[in-house]
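Work through the exercises below with the structure open. Try each task before reading its solution.

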Amino acid sequence: MTQVPAFTDRVETPRLMDCPNWVYLLREIDSLYRFWSDGGSIPIRSHRKRVRDRLSATIAKNPHLIDRTASQKHVTAHFSRALDLGERAAMQGMARALREVKDSLTWEYGYEKVSKSLGQKYAYCEILGPRGPVQCDTLILGFVLFAPNTTYPQHSHQDIEESYVSISGAWSENNTAVYAHGSLIFNRPGDEHRITTGDRDPCLLAYA
Ligand SMILES: [Fe+2]
């Protein structure tokens, strides 16, 4: 008589290493914060080290992935174009890795009440943080997408520092310079910042 195996209906939540596309995307971000230049800035050097240390620790833990429902926003109609531009320039590895997880991203708004006009032109998605999909309590990584000709209003963050890295498109912060693919901007806690984007193409930034 054949022994019937005992099946259980318990489904294991996948761990990070079960999902190579997420791992490769995180490694692209790790490379960015490990090998790209700090431009000689000591605060940026320290920030980059904090990001990569926390990211490495998270990857080493191989956390369970948090299942988040994929969602689109109005601006995600520009996402393919942003990836296409990213794939032609310095950030091509990142753009290609991001394309592989494109259908799993949860696009959302940062403000509880986003103005109607900004809601049409901007959204962000987190890929690592307290809410997942890659769970981490000490770092948030994600991407923000802007439609052409967007102004993201002035704001600051009280207890967090943040950096943005250009994946594609051109943008300016506080009207002080124009940044292109590969540029990194560092905002310390309390630094006021306001973003504008170029009028021809969308702009995609990675943030930590
Ligand atoms: Fe910000």
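**Exercise 1.** Find where confidence is lowest and where it is highest in the protein chain.

Solution. The model is predicted. Then go element by element. Helix α5 (residues 116-119) is lowest, with a mean of 83. Strand β4 is highest, at 98.

**Exercise 2.** Identify the buried residues of helix α4 (residues 92-100), and explain why they lie on the same side of α4.

Solution. First, list them: Met94, Ala95 and Leu98. Next, take the arc. They lie on the same side of α4 because they cover an arc of only 100° around the axis. Last, look at the partners. The buried residues of α4 pack against α1 (20-35) and α3, and also against β4 (141-146), β6 (162-168) and β10 (203-207).

**Exercise 3.** Determine which residues touch the most other members of the largest nonpolar core.

Solution. The core has 46 residues. Ile29, Phe143, Leu145, Ile167 and Leu205 touch the most other members. Now ask which element gives the most to this core: α1, with 6 residues. Then take Ile29. Beyond its neighbours within four places in sequence, Ile29 is in contact with Leu55, Leu141 and Ala206.

Methods:
Residues numbered from 1 in each chain as written. Predicted model: local features only at pLDDT ≥ 70, side-chain atom pairs only at ≥ 80, totals over all residues. Buried ≥ 20, exposed ≤ 12 C-beta atoms within 10 Å, placed from the backbone. Helix = DSSP H or I, 4+ residues; strand = E, 2+ residues; numbered from the N terminus. Arc of directions from axis to C-beta. Contact = placed C-beta atoms within 7 Å. Core = buried A, V, L, I, M, F, W, Y, C linked by C-beta atoms within 7 Å. pLDDT = per-residue confidence, 0-100.
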